[in-house]
2 protein chains.
Amino acid sequence: MKTAIIGRGNVANHLDKAFVGKCGVVMVNPHTLGELPCDADVILISVKDDAIAEVARHLESMLPEGSNAIVAHTSGSKSMDVLGFMRHPVGVFYPLQTFSKDVPLDYAEIPFFIEGSNPDVATALKELAGLVSGHVHEADSSVRRTLHIASVLACNFTNHLWALADDVLRRNGLDFSMLHPLVKETCRKAMENNPGDVQTGPARRGDSGIVSAHLEALADMPGIHDIYEILSNSITERYHERNQL
Amino acid sequence: MKTAIIGRGNVANHLDKAFVGKCGVVMVNPHTLGELPCDADVILISVKDDAIAEVARHLESMLPEGSNAIVAHTSGSKSMDVLGFMRHPVGVFYPLQTFSKDVPLDYAEIPFFIEGSNPDVATALKELAGLVSGHVHEADSSVRRTLHIASVLACNFTNHLWALADDVLRRNGLDFSMLHPLVKETCRKAMENNPGDVQTGPARRGDSGIVSAHLEALADMPGIHDIYEILSNSITERYHERNQL
């Protein structure tokens, strides 16, 4: 399966690395499309969400009349329909991971979510993903949206809580690195269990005295105070009030 | 330094493991105190917060008249004053980590926070902690409260967000394990940088279209909806509104 990856960002670079040695792969500059192989079987558009449609239009004008290459984008947020105007079979080829420059990853562990404009396209894209990963699933826009919401909760928001913890510590002359071993162990524990089964902390224990003392101590950081309150209430509701009904 | 650890829980067990081969250490049953060595230099009370005072009273009645052992509790939440009634020098010996049964830890990385009723006690307890860890700090009740608040934000609340993400995924027939690689990489990235510098996601990008679509999709999970909203607003305030002032 000859694959072309259009893009120069982190996702494109990591996909290229993941495919090398597993299938023929060429990286293509999204602006010129100059290196585009005419005989590609799959063309992955791996550019910013808002640029996908434009790159696809340019791409269609460049491909030879006879080409039946599958064209897929790699975005979790965009519908497959953004490619719907093309005369080619189209799809989505979405790796659920955050990719940083020069940080190696174990691609075999990354889940890929695939959609195709017909079952043959889905099968071909799943095969391509299967060259890299042991975790390949079909997923339409609605499933990808659910995954995206869960990722925002589980990754973007947790990172923000670490930033807020960093704020609280700095303000008191302490350092977030003091929490690193605790954060890493909390993460390990949540991945080896259902996170809901290993919840700890004052709200989980129903220790309203400590919750109140912490809220009082956060009076001069109102943003953090309100987040502390809503999350403590959510934990209390889950582990205590529910059980009392 | 001959050390006795009173307790049978995870903290007591891990402290025992950490000290073995580094100093003379004996574990003591908190109910009978039967195995208590009369010549201990340091006695660590590692029991539930609410039991510390009672164990300390029992302990004082058991120790020989001449004993000048340092008595310290291992709680992050309790003041040193809970031991203030004792005729012994007292302190706090607090390892900032979550301890699970049978899960090995790299004790050298765990930060220990020490308080002593006088400078000599603090020095002795810091020496003891230094046998195990390369990260030993002095910390009074106020510092420990700050650390506790930051830990609740960085660990208890992040675990709860993982539980909520798990809820969202299950409800849609998906599985939290699909997010494991993303969560692990997010955690790695936050530990190798300042978390505030590596924030990603729709709110960070100022993508209010996606934030609104997610909030709409969460309309039937009002608890999660409200948490999504307050955390997105907090991110927006941090990265966008601030800059516009």
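Me: Which elements of chain A are included in what covers the buried residues of α1(A)?
Reply: This is a predicted model. In chain A, helix α1 spans residues 10-19, and its buried residues are A:Ala12, A:His14, A:Leu15, A:Asp16, A:Ala18 and A:Phe19. What covers them includes β1 (3-6), β2 (25-28), β3 (42-45), β5 (90-95), β6 (112-116) and α3 (119-130) of chain A.

Me: Which residue just after α1(A) takes a positive phi?
Reply: Look just past the end of the helix, where phi is about 85°. The residue there is A:Gly21.

Me: Is A:Leu33 buried or exposed?
Reply: A:Leu33 sits in the loop between β2 and β3 of chain A. Its phi is positive, about 55°, although A:Leu33 is not a glycine. Buried means under 20% relative accessible area. A:Leu33 has 0% relative accessibility, so it counts as buried.

Me: Is B:Asp102 buried or exposed?
Reply: B:Asp102 belongs to the loop between β5 (90-95) and β6 (112-116) of chain B. Its phi is positive, near 65°, and the residue is not glycine. The cut-off for exposed is over 50%. B:Asp102 has 63% relative accessibility, so it counts as exposed.

Me: Why does B:Arg188 count as partly exposed?
Reply: B:Arg188 lies in helix α5 of chain B, residues 180-192. Partly exposed is the range between buried, under 20%, and exposed, over 50%. B:Arg188 counts as partly exposed because its relative accessibility is 26%.

Me: Which residues does B:Arg188 touch, not counting those up to four places away in sequence?
Reply: Within chain B, a polar contact of 3.0 Å joins the side chains of B:Arg188 and B:Glu192. With residues up to four places away left out, B:Arg188 touches A:Ser100 and A:Val103.

Me: How many Å apart in space are B:Arg188 and B:Ser208?
Reply: In sequence, the two are 20 residues apart. From C-alpha to C-alpha, the distance in space is 27 Å.

Technical notes. Residues are numbered from 1 along each chain as its sequence is written. Chains are lettered from A and ligands numbered from 1 in the order in which they are written. This is a predicted model: local features need pLDDT of at least 70, side-chain atom pairs count only at pLDDT 80 or more; totals for chains, interfaces and linings use all residues. Side-chain values use heavy atoms; hydrogens and water are left out. Helices (H or I, at least four residues) and strands (E, at least two) are DSSP runs, numbered from the N terminus. Buried means under 20% relative accessible area, exposed over 50%, partly exposed in between (1.4 Å probe, protein chains only). Contact means heavy atoms within 4.5 Å. A polar contact is a pair of N or O atoms within 3.5 Å; within protein, one must be able to donate a hydrogen and the other to accept it, and residues adjacent in sequence count only if both atoms are side-chain atoms.
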